[in-house]
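Student: I'd like to learn how to read side-chain packing in a protein model. Could you walk me through it?

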Amino acid sequence: MSAVELTSPRAPERPRRQLPPSTFVLFGATGDLAVRKLLPALYNLACDGALPQRFALVANSRRPMEDEAFRALAADAIRRHSRRAPDEAVLAEMLAGARYVAGPCDDPDLYRRVSQVLAQLEPAGERPPDRAFYLSTAPKLLRPIVDGLGAHELHEREGAEVRIVVEKPFGTTFDEARALNAGLLSVFEERQIFRIDHYLGKETVQNILALRFANALFEPIWSRNAIASVQITAAEQLGIGSRAGYYDHAGALRDLVQNHLLQLLCMICMEPPVELSANAIRDEKVKVLKAIKPPGPRASIRARYADGVVQSQHVPGYLGEPNVPADSRTETYAALRLTVDSWRWAGVPFYLRTGKRLARKKTEIAVTLRPAPDLGFRNEAGAGANQLVLAVQPNEGIALELAAKAPGAGMRIEPVTLSHDYEEGAAHRREAYERLILDALRGDATLFTRADEVEAQWRVCDPVLQRWQTDRSPLPQYPAGSQGPMQAAALLARGDTWRAI
């Protein structure tokens, strides 16, 4: 069966992007990420008319299954998790030619069978389709998959582009990340490798570049001259759920700081690129990371959630969660104070924090400006420092917090907020994975991390992790449902405060 033709009757008014024919090979196709995010993302791209007209889906996981059974599983996943109610005609059309190849990723014979299916889907005599191999698998399977693709010469094809998309976490230490990069680059070229960080696909994150470089209002003040501090927060209300097997080996610093939060910091701090191309933007992000020194013991803190109350319900502490070892020393909260030793940012503290079981779910970047001379407003409660707040999740938007005169007699100052809510255009906005999958099919690596970028991120975090590994002092605790550990206040410079979660 050849690749299906996608006519996308749901959105005929939207012009189709003229992407070349493509085959999408999804390893780990029955896993949680594929079921909740990747398969629905592919459907929504098909519904928008964004996929190529000749598009084929090949799926793999260990579970034995016929093609038709996988199509039913994929359809059910899309019906349950798609951001919009599925159009059954588009759904049936997208999955009509889907193929399934069962087998463990460390079985060399799997790649022989994948090669056979690809040959059946890609008839000779036509323009050879581009191929995208998406690894929605455990990190330990990256090297076996890469080696298997290389051994069966699936990493290249004359007349077509071949790309590989790799999910995080990308290693657990600097040495491990460097070894993974070496393994990838032993088979694929850097231009073929797309290391995914789904935070970079969020609308607010992408808008940082537009906000900074397309507005004369912000660029002149975007430096140590006007900015006093920056806080980057990724707070989660949930605990670890059923993820103890992963989380207890990762912890908060590896899970969110090393990748997501450092990427957000780079977007805030990078210099204007010479052009809006993938490598030009990533060049500037690497310069930022190289300018960051690993934080010392007084500039980093870890903690773990204890029993507490979340949404009026008592919840157990981390050590009481299923499958967490009683002697675990894994942190569920991590906070750093970083400095970027560059001309633009010298002396500005950057506060990064993330944690599980905090007061609510919230990811934001708060840029605090230096206060104006008081001129008689010193005692006015509303005359604090201005803040620009970029809300990443759960609600995406931008807010500028200013001081203004309150209505009425006298000169009384009150805070006011100018805001833009991205939810107003939610009906036409793609989710992060939709954007990133489409960019991978197009070969646009702007929102993906490069090898040197990943290694530079690990150079910041690795010394902290090594220090924590040898530190046997008791971990600070914080009640579930709270603002986090009180010890985090010690990271702040005089006059700074943590924003409420």
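Student: Which ring does the charged end of R195 sit over?

Tutor: Keep in mind that this is a predicted model. The ring is that of F170, and the charged end of R195 is 5.5 Å from its centre. K202 gives another case, lying over the face of Y199 at 5.8 Å from the ring centre.

Student: How many aromatic pairs does a search of the whole structure find?

Tutor: First the general idea: two aromatic rings are described by how far apart their centres are and by the angle of their planes. Here the search finds twelve aromatic pairs. Take F24 and Y134: their ring centres are 5.9 Å apart and their planes stand at 45°, so this pair counts as tilted. F24 belongs to strand β2 and Y134 to strand β5, so to speak of sequence, they are 110 residues apart and the pair links distant parts of the chain.

Student: Are F24 and Y134 buried or exposed?

Tutor: Both F24 and Y134 are buried. There is also an aromatic cluster, formed by Y247, Y305, Y318, Y333 and Y478.

Student: Which residues have the most contacts inside the largest nonpolar core?

Tutor: In soluble globular proteins, nonpolar side chains tend to be buried together. In this model the largest nonpolar core has 151 residues, and those with the most contacts inside it are F24, F27, F70, F133, I164, L265 and F350. Helix α8, residues 244–269, gives the most to this core, with 14 residues. To look at one member, F133 touches residues including V25, F27, L118, L149 and I164.

Student: At what angle do helix α6 and helix α11 pack?

Tutor: For two packed helices, we describe the angle between their axes and the distance between those axes. Helix α6 (residues 174–185) and helix α11 (residues 451–470) pack at about 170°, with their axes 9 Å apart. The two helices α6 and α11 are therefore roughly antiparallel to each other. On the α6 side F174, A177, R178 and N181 take part, meeting A451, V454, E455, W458, R459 and D462 in α11.

Student: Where does W345 lie, and why does W345 count as buried?

Tutor: W345 lies in the loop between β12 and β13. Its relative accessibility is 0%, so W345 counts as buried. Among the residues that W345 touches are W222, R224, I268, C269 and F350.

Key
Residues are numbered from 1 along each chain as its sequence is written. This is a predicted model: local features need pLDDT of at least 70, side-chain atom pairs count only at pLDDT 80 or more; totals for chains, interfaces and linings use all residues. Side-chain values use heavy atoms; hydrogens and water are left out. Rings of Phe, Tyr and Trp (its six-membered ring) pair if their centres lie within 6.5 Å; planes under 30 degrees apart count as stacked, over 60 as edge-to-face and the rest as tilted. Helices (H or I, at least four residues) and strands (E, at least two) are DSSP runs, numbered from the N terminus. Buried means under 20% relative accessible area, exposed over 50%, partly exposed in between (1.4 Å probe, protein chains only). A charge sits over a ring if NZ of Lys or CZ of Arg is within 6 Å of the ring centre and within 35 degrees of the ring normal. A nonpolar core is a set of buried Ala, Val, Leu, Ile, Met, Phe, Trp, Tyr and Cys residues joined through side-chain atoms within 4.5 Å. Contact means heavy atoms within 4.5 Å. Axes are lines fitted to C-alpha atoms, for helices over the stretch in contact, and angles run from 0 to 180 degrees between N-to-C directions. Angles under 35 degrees count as roughly parallel, over 145 as roughly antiparallel, 65 to 115 as roughly perpendicular and the rest as oblique. Lists of a residue's contacts leave out its neighbours within four places in sequence.
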